[in-house]
Amino acid sequence: MIDKATVAQILDSANIVEVVSDFVSLKRRGSGFVGLCPFHNEKTPSFSVSPARNYCHCFSCGKGGSPVGFMMELEQMSYVEALKYLAQKYHIEVHERELTDKERDEQTERESMLVINEAAGKHFEDNLYNTPDGKEIGLTYFAERGFSAATIKKFRLGYSLDKRNDLYSTLVKQGYNPRYLISTGLCIDDNHGGGFDRFKGRAMFPVMNVAGKIIAFGGRTLKNEPAKYVNSPESVIFKKSRELYGLFQAKQAIVKKGKCFLVEGYADVISMHQAGFDNTVASSGTSLTEGQISMIHRFTENVTVLYDGDAAGIKASLRSIDLLLNEGLNIKVLLLPDGHDPDSFARSHSTSEVQAYIDENETDFIQFKMQILLEGAENDPIKRSAVIQDVVKSIAVIPNAITRSVYTKECASRLNIDESLLVAEIAKVIEHNKKREFERRQREKQGGDPQPPQEPAVAETEVKAAIAPQRSNHDAILYPHERELIRYVVKYGMADFCEAVDDEGNTFALSLLQYVANELSIDRMSFSNRLFAAIFEAAEEAAGQFGDVYNHFYAAIDGEAEQMRLQGIAEIQAMQLTMAEIESHEHELNEKIEAHKAGRIHDFKVNFLEKQLCSSPDDAIREASLQLIYEKHQLSRIHTKYNHLPTETDKLTKLIPEAIYNWKSALLLCQIKDLQQQMPTMSEAEQEQAILRLQELFNIRSELAKYLGDRVVNPKL
């Protein structure tokens, strides 16, 4: 793994203007730069690059980030790949630390499986091009499907020879561990110390993850067999519910076109790509899952689902579309002509014909659902009622209230029903869904039998709009104060904040993060918003590496200072000066060098956590940190040209204690509200104790109010 010092050096060296300029033509505007956004098509530049903050942001689509985040988003690199790309750009040698035994075992398992899948993929490709059966059977089949040579190479299609253990024996002879041939599902244990090939005699379709690594295979029989397709079983590297076939090949086109076509099978994807619709992916025959939807949402909010004319299949898959709506995606549906699936339709029509058909027949999902379900139910009140209930359930999962309202109005007109009735039914479904979600969370807290989460504890969907607060009774009270404090931590966490005294009476500098951590520890406070808590934990972890990184940085600053000193002395020596003048110039030079060092060190400390967190490998932490520090408006230079206006940094010693006290006051208010709500159910004796406790809480809030500026504390709350 790349060591922390190297990561810090990369983050410190990477200049957002230089990185973005490799992909976008930038023009200076004020103190920053602008250009056409690389993430979506536009005619007027809305992509802003700020050298001062070292990040970029599109005011239209909202994408951007630090140099690391920009490369991850644009080229769909992993965190490590983005770091190595920047290290190569800035000629930084990448030092990697030794892994722990546990990390090594886990990495060895995953990497070995990926390596053996790659070897298998090459073997299947070699069979296709360099064996008689591969040419006569495999290539002939792909040619009959209309796949061009370029398309076959793009998707790395191959052929598995119709032999019992061709792959097994070949890779074992090449030195690969048979254990991983079994664990990947490429081969099946024969219980006699060997194995036989799972995919023998099949056309091979490698399944790649978003980074382009082969994680599984699909094999299509070329004989008359009941199992038309055989797929790799799930493994450490392959979770079917989280992968989409063709996403690696489609991701850049999806981002550029701002849209994703969703189909069902391998051939559908390949034919659509070959026809020019290279923003197509497939769920590979499975019902759409939350994990797959999250993958799509990483690249676009617009999805068009392509259906063939099978009415039964359409009705069966309508349920999974509700998951897309629940994610906040904009869903359209395209019903292909009878007798066609995406594969056959794309092969039998030109690109312009397919595009024209899409433009004319693409339908909003809710309208499409009503049309499908109402067929044969117009004159049946019972069936019609069931259709209305089904449509209501779909509208209810849409998170955006305005979108729900628009759909409700259209559906009321289409279904010829009173809009107010639909609104009431939708409200009931929303309330029911909330209740079910609450009960599920309660079961999880009480150690019941919860369903295993498909996403990490801190999911990227929690960072959609400047970090949405979690749902709890006190969000409205606590959220703004927690957000303000965590923002200060992200922006200025390692800056020198105040002096502290140790047990021996020695003074030392205390960073802003250390001060906040001490304050929270004293009163046993913690962030209720789990994303803020994760950011704070990540900040403390990064701070633990600060010393080593700072020492490396300080050595570099010493080098800069020495170069300045040598250059300054050379300039002084070139002058014809008296001894007094030489001493005066040397004194000025030393002051200039010390000021330069102090400024560089101050900037390094102020920006350290911001750079670390805004370039975090955790998507949620990285995106949330960027949104926390993002400043839409900045003072123009005309405001600061003649007068020094106090900055936020200048006022931190006042702002941080104030933010903490505001948070404490909000926590007290939450306790007061809880007590007041509980009092009607208390006994008389308990009410007397509660009143005393309320008075105590009000007194504490009053003391805090004095510190915060003599604010009025209303005891009637």
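Predicted model: local features only at pLDDT ≥ 70, side-chain atom pairs only at ≥ 80, totals over all residues.

Trainee: Let's start with charges. How many salt bridges does a search of the whole structure find?

Mentor: The search gives 22 salt bridges. One of them joins D12 to K611, with the closest N and O atoms 2.9 Å apart. D12 sits in helix 1 (residues 4-13) and K611 in helix 24 (residues 579-614), so this pair links distant parts of the chain, 599 residues apart. D12 is partly exposed at 33% relative accessible area, and K611 is partly exposed too, at 23%.

Trainee: And R145 with D343: are both buried or exposed?

Mentor: Both are buried. In this salt bridge the closest N and O atoms are 2.3 Å apart. R145 lies in the loop between helix 6 (132-144) and helix 7, while D343 belongs to helix 14 (residues 342-348), so the bridge ties together parts that are 198 residues apart in sequence.

Trainee: Which residues are linked with R156 in a network of salt bridges?

Mentor: E118 and E125 are linked with R156 in that network. R156 is found in the loop between helix 7 (149-154) and strand 6 (158-159). Why does R156 count as buried? Because its relative accessible area is 16%, and the cut-off for buried is under 20%.

Trainee: What about the backbone of R156?

Mentor: Its phi is near 55°, a positive value in a residue other than glycine. N191 also has a positive phi, about 65°, although N191 is not a glycine. N191 is located in the loop between strand 7 (187-189) and strand 8 (195-197), and at 66% relative accessibility N191 counts as exposed.

Trainee: Which residues of helix 17 are buried?

Mentor: First, the general idea: an α-helix has 3.6 residues a turn, so residues three or four places apart point the same way. In helix 17 the buried residues include V387, I388, V391, V392 and I395.

Trainee: Last one: what does Q249 touch?

Mentor: Leaving aside residues up to four places away in sequence, Q249 touches K154, F155, M208, H273 and D278. Q249 lies in helix 10 (residues 247-257) and is buried, with a relative accessible area of 17%.

Terms used
Residues numbered from 1 in each chain as written. Heavy atoms only, no water. Helix = DSSP H or I, 4+ residues; strand = E, 2+ residues; numbered from the N terminus. Buried < 20%, exposed > 50% of the residue type's maximum accessible area, 1.4 Å probe, protein only. Contact = heavy atoms within 4.5 Å. Salt bridge = Lys/Arg side-chain N within 4 Å of Asp/Glu carboxyl O.
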